[in-house]
Amino acid sequence: MLAVEEIVAGYGQSIVLHGVNVSVSSGKVACLMGRNGVGKTTLLKSIVGLLPPRSGRVLLDGEDLSRAPVYRRARAGIGYVPQGRGIFPYLTVSENLLIGTETGRGSPADLAEIYELFPVLSDMGQRPAGRLSGGQQQQLAIGRALVGRPRVLLLDEPTEGIQPSVIWEIERTIDLLRQRGGLAILLVEQFVDFAVGLSDDFYLMQGGTIVAQGSSKDLTEDSVREYLAV
């Protein structure tokens, strides 16, 4: 299980997160939602170690990773798909996927499973990743994280700028991963129907704090209007 406890984080003199608490159990999907600029991406960066928290704790199955460097968090089982995908455009699809094995948790043999999850990638192994469509690059980014066999998967707005047919593929994949169990997924998403339909629990963020949380089936229209509507 991933547990984030009283995380305070920011940039320079600016504090963005003010004592944030979030948890995701193995085999579950939690969605983190809020308007732009409320701290969602900052929280994911704090979890993965790109922005070490100023205080608070990041626990993975009880192990305190709060001061661990990025590579050790990856080796412990935290997988991250950043906003904007973060693929390497001049490397091939297969080379991008092989980077995921650098955590030491996966192996080249695991690429076959990724090609099964994302069949569109299976015929593009030697194609430069920069020549893929946006949707294909997003699938590649998710596949690269999964090759490392994470225990926790952090997804930062996976539907952003993606065509509807690929959104359906990504939704299918996340749902399949949940059904398999053994993986906790924290999903940051602006597309409310997508996020709520996939998730077991929700967190709503405003001003760097969690202002509402609960079972996704209990998310009310009033909360959506108050914290998500533009």
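Visitor: Why is isoleucine 99 called partly exposed?

Guide: In this predicted model, isoleucine 99 has a relative accessibility of 31%. Buried requires under 20% and exposed over 50%, so at 31% isoleucine 99 counts as partly exposed. Isoleucine 99 lies in helix α3, which spans residues 93-99.

Visitor: What makes the nonpolar surface patch, and why can isoleucine 99 belong to it?

Guide: Phe88, Leu91 and Ile99 make the patch, which covers about 220 Å². Patch residues need over 30% relative accessible area, and isoleucine 99 has 31%, therefore it passes that cut-off.

Visitor: How do you know that β4 and β5 pair?

Guide: Pairing requires at least two bridges. Two bridges join β4, residues 55-60, to β5, so the two strands count as paired. Leucine 60 has glutamate 63 of β5 as its bridge partner.

Visitor: What makes β2 and β5 the edge strands?

Guide: The open sheet has four strands in the order β2-β1-β4-β5, with antiparallel pairing. Both β2 (14-24) and β5 (63-64) pair on one side only. Helix α1, residues 40-48, packs on this sheet and touches β1, β2 and β4; its direction makes about 115 degrees with that of β1.

Visitor: Why is α1 described as mostly covered?

Guide: Seven of the nine residues of α1 are buried, which means that each of the seven has under 20% relative accessible area. Among them are Leu43, Leu44, Ile47 and Val48, and also Lys40. After α1 comes glycine 49, with a positive phi near 100 degrees.

Technical notes:
Residues numbered from 1 in each chain as written. Predicted model: local features only at pLDDT ≥ 70, side-chain atom pairs only at ≥ 80, totals over all residues. Heavy atoms only, no water. Contact = heavy atoms within 4.5 Å. Axes fitted to C-alpha atoms, helices over the stretch in contact; angles between N-to-C directions. Patch = residues over 30% accessible without salt bridge, like charges linked within 9 Å, V, L, I, M, F, W, Y side chains within 5 Å. Areas by Shrake-Rupley, 256 points an atom, 1.4 Å probe, with all protein chains shown as cover. Salt bridge = Lys/Arg side-chain N within 4 Å of Asp/Glu carboxyl O. Buried < 20%, exposed > 50% of the residue type's maximum accessible area, 1.4 Å probe, protein only.
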